[in-house]
Amino acid sequence: MRKFTVCLLLFSLALGSCDSTSDDLVPDDIEIGVVLPLTGTLTRTGSEMRRAIEMARDQANDLNLIPDIEIELVVADNTSSADGSEVAFDQIITEEDVVAIIGPFTSTSTDRIVPIIDEAKMVTVAPASAAQGLSMLSEYLFRTSLTVDYLVPEGVRITSDRLGFTSVAMITNESDTFSRSARDKIKEELGKLSGVSIVIEEQFERTPGSDMPDISAQLTAIKNAPSSPDVIFFSGLSPDRTNIITTARAVGITNISMITALLSVDEIHVINETSPGAADGVITFTVWVSSSTHPASLAFVLAYEERYLETPGDYAARAYAAATLLFRGIAEALPDLRSSAIREAMAGLSNEDTIYGSFSFDEHGDAVFSPTVVEVDGNGFVPFE
């Protein structure tokens, strides 16, 4: 691959200035870094996201989305951990000629790589990070899935209106950035509701990438709370959510509504493999469902099914959206492929037609679009009504 940054430097030294619109400075191909959990506890998720990103790359190349430039991917495994994310980002930035990076997956990992991308001025698009405030830490970080700031208020409002709950239980993975952030935002929104109180709050600790803890004691305490809760709000990463749901059913929690953010179809399938029907009735506020009738979403689902012979899950959708938005930003930045130009182009994306519907970035680089509230029925979701 032609090394654009080296070319730019040599032209600057030789001529004293560089015309960024010169065709000579536009490479025939560009490399995009991809950092995902391809081993460890999130392997299944990472593999699904990788397939969606590769499909987005092939579609962009076939459509010449970035005119006369072929997109290549440089993929690295973060081993489902924050430490692994630091290693992967540092390696890609120092050893590869990437113009931007897609990844990592969790908010904890995203938090850890912010100093790295900020120092390197490397545009990074996080497809699934949802904790509060991270995008404010670097102007080079963009997040294309809804953060809890946009996701939770609507979810709490809708579930409160339709369930009419007054007593709430909570259980949270205290070791995870997203989980704590979601919990804090849920508590903030619950505090705005008249007559609603948190009657019991439980915690557990599981760092990303580590084994599942036994949380039966915490959930039994919720079940036997003196003031019986109407609902349980739970916050955790993908493995935590499956663990909470299956353990809750195992200890006999069957008549208390369970609510969480960003439960996925993949997680439902995992639950049903070991405890069929355990997730039925669980309510989630999320960003996308495969039954969406938005034209861009329908096209994505059809293409994914034709390519991989299965319906995409929402992690695939989030990865696909992140990749397509990054490719559009790079196309907007042409012919200037410096990080500053790509960052400006990304920040300017507004009212983009995506699988989520109309999409924009806010002033901090966080996604803005409409969330959805659904509940589990069998192996999928139905509208929460």
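The dialogue below takes up backbone geometry, helices, single residues and a cavity.

Me: What kind of model is this, and how are residues numbered?

Reply: This is a predicted model, in which local features need pLDDT of at least 70 and side-chain atom pairs count only at pLDDT 80 or more, while totals for chains, interfaces and linings use all residues. Residues are numbered from 1 along each chain as its sequence is written, and side-chain values use heavy atoms, with hydrogens and water left out.

Me: Which peptide bonds here are cis?

Reply: Most peptide bonds are trans. A cis bond joins Gly103 and Pro104, with omega about -10°; another joins Leu334 and Pro335, with omega about 5°. Pro104 sits in the loop between β3 (98–102) and α4 (107–120), and Pro335 in the loop between α11 (314–333) and α12 (339–347). Helices (H or I, at least four residues) and strands (E, at least two) are DSSP runs, numbered from the N terminus.

Me: Where does Thr79, with its positive phi, lie?

Reply: Most residues other than glycine have a negative phi. Thr79 has a phi near 55° and lies in the loop between β2 (70–77) and α3 (82–95). Its relative accessible area is 38%, so Thr79 is partly exposed; buried means under 20%, exposed over 50%, and partly exposed in between (1.4 Å probe, protein chains only).

Me: Is Leu262 buried or exposed?

Reply: Leu262 counts as buried, at 3% relative accessibility. This residue has a positive phi of about 70° and is found in the loop between β9 (257–261) and α9 (265–274). A positive phi, near 60°, also belongs to Leu309, which follows α10 (295–308).

Me: How does one read the length and the sides of helix α3?

Reply: An α-helix has 3.6 residues a turn, so residues three or four places apart point the same way. The expected span of a helix is 1.5 Å times one less than its number of residues. α3 has 14 residues and reaches 20 Å from its first C-alpha to its last, close to the 20 Å expected. Its buried residues are Ala82, Gly84, Ser85, Ala88, Phe89, Ile92 and Ile93. They cover an arc of only 150° around the axis, and therefore lie on the same side of α3; the arc is that of the directions from the helix axis to the C-beta atoms. On the other side of α3, Asp83, Val87, Thr94 and Glu95 are exposed. The cover over the buried residues of α3 includes β1 (29–36), β2, β3, α4 and β4 (124–126).

Me: What do the buried residues of α10 pack against?

Reply: They pack against α2 (43–62) and α11, contact meaning heavy atoms within 4.5 Å. The buried residues of α10 are Ser297, Phe300, Val301, Ala303, Tyr304 and Tyr308. The end C-alpha atoms of α10 are 20 Å apart, which agrees with the 20 Å that its 14 residues should span.

Me: Which residues does Asp314 touch?

Reply: Residues up to four places away in sequence are not counted. Asp314 touches Glu48, Leu263, Ser264, Val265, Thr286 and Trp288 on that basis. Asp314 is in helix α11 and counts as buried, at 4% relative accessibility.

Me: Where is Ile32, and what are its contacts?

Reply: Ile32 is in strand β1 and is buried, with 0% relative accessibility. Its contacts beyond four places in sequence include Ile71, Leu73, Val99, Ile102, Leu326 and Ile330.

Me: How many cavities does the model contain, and what lines the largest cavity?

Reply: Rolling a probe the size of a water molecule over the atoms shows where empty space is left. On a 1 Å grid over the protein atoms alone, a cavity is a set of points where a 1.4 Å probe fits but cannot get out, and lining residues have an atom within 4 Å of a point. Grid points are joined across faces, edges and corners, and a volume is the space filled by probe spheres set on the points. The count is one cavity of 30 Å³ or more, and the largest cavity holds about 130 Å³ of space. Its lining has 14 residues, of which Phe105, Ala128, Phe178, Leu237 and Arg318 lie nearest its centre. α8 (238–250) and α11 each supply at least two residues of this lining.

Methods: 1 Å grid on protein atoms, 1.4 Å probe; cavity = no way out; pocket = protein on both sides within 12 Å on 5 of 7 lines; lining within 4 Å.
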